[in-house]
Amino acid sequence: GRIDSAVLPEYIASQIEEAGEGHIIGYVGDETPWHLAGIFASKNMLKKHRGVVKKFLSAAFDSAKLYRKYFVEENGGDTDGYTTEKIKAAMTIGAFLKPALSTEQVIRYPVYIDPDGELDLTSIKRQLKWYQDHNMVKNAISFKDVVDIDLVKPLHGS
């Protein structure tokens, strides 16, 4: 036999399951003990526009804190101002995703984002070695080629 499967964002997987066209059998976050995403910049961008990259990272970290406030921790209470800001944030996020998400979908399917923008350096090193061991990345590529340590905040203990 065979299994047709896919790794999908929660909002898509839930729609498929609700339509009776598939079943969720697991969640990536429950099965993958490694860092899943990051922010990338080309060597050229880092060389010519390092200040812009630093400002972008600062804004991204500020956004991560707001995202967690509104969609993960939801500790703003039930005040009108909090609810209004949460809905405005969900509308903005939904408009930038492709396919676009409704405000309800953004609120219903939050994803984990580190609130401090910390990078799990130990995980990145382990993953680089795994890809090298499986001939998917050249051995000449070093950790320093992959991570600009001056721009990241290491995860505590990594």
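# Briefing: salt bridges, aromatic pairs and fold

The side chains of D148 and R50 meet in a salt bridge, with 2.8 Å from N to O. A salt bridge here is a side-chain nitrogen of Lys or Arg within 4 Å of a carboxyl oxygen of Asp or Glu. This pair links distant parts of the chain, 98 residues apart. The model is predicted: local features need pLDDT of at least 70, side-chain atom pairs count only at pLDDT 80 or more, and totals for chains, interfaces and linings use all residues. Residues are numbered from 1 along each chain as its sequence is written, and side-chain values use heavy atoms, leaving out hydrogens and water.

**Overall fold**

- The chain has eight helices and two strands. Both kinds of element are DSSP runs numbered from the N terminus: helices are H or I with at least four residues, strands are E with at least two.
- From the N terminus on, the order is α-α-α-α-α-α-β-α-α-β.
- Residues 24 or more positions apart supply 55% of the contacts in the chain with a separation of 6 or more. Contact means heavy atoms within 4.5 Å.

**Surface and burial**

- The chain has 158 residues, and 22% of them count as buried. Buried means under 20% relative accessible area, exposed means over 50%, and partly exposed lies in between (1.4 Å probe, protein chains only).
- The chain exposes about 11900 Å². Carbon and sulfur atoms supply 58% of that area. Accessible areas come from the Shrake-Rupley method with a 1.4 Å probe; for residues, only the protein chains shown count as cover.

**Salt bridges**

- The structure holds three salt bridges.
- In the D148–R50 pair, D148 sits in the loop between helix 8 (143-146) and strand 2 (153-154), while R50 belongs to helix 4 (residues 50-73). D148 has 22% relative accessibility, so it counts as partly exposed. R50 is at 27%, so it is also partly exposed.
- K88 and E85 meet through their side chains in a salt bridge at 3.3 Å, N to O. Both lie in helix 5 (residues 80-96), three residues apart, about one turn of the helix. K88 is partly exposed because its relative accessibility is 46%. E85 is partly exposed because its value is 33%.
- D133 and K129 form a salt bridge at 2.7 Å, N to O. They are four residues apart in helix 7 (residues 121-133), so about one helical turn separates them. D133 is partly exposed, with a relative accessible area of 49%. K129 is partly exposed at 48% relative accessibility.

**Aromatic pairs**

- A search of the whole structure finds four aromatic pairs. Rings of Phe, Tyr and Trp (its six-membered ring) pair if their centres lie within 6.5 Å; planes under 30 degrees apart count as stacked, over 60 as edge-to-face and the rest as tilted.
- One of the pairs is Y70 with F71, edge-to-face, at 6.4 Å centre to centre and 65° between the planes. Y70 and F71 are both buried.
- W130 and Y131 also pair edge-to-face, at 5.0 Å centre to centre with 90° between the planes. W130 is partly exposed, with a relative accessible area of 41%. Y131 is partly exposed at 36%.
- Y67, Y70, F71 and Y82 form one aromatic cluster.

**Charge over a ring**

- The charged end of K125 sits over the ring of F143, 5.0 Å from the ring centre. The cut-offs are NZ of Lys or CZ of Arg within 6 Å of the ring centre and within 35 degrees of the ring normal.
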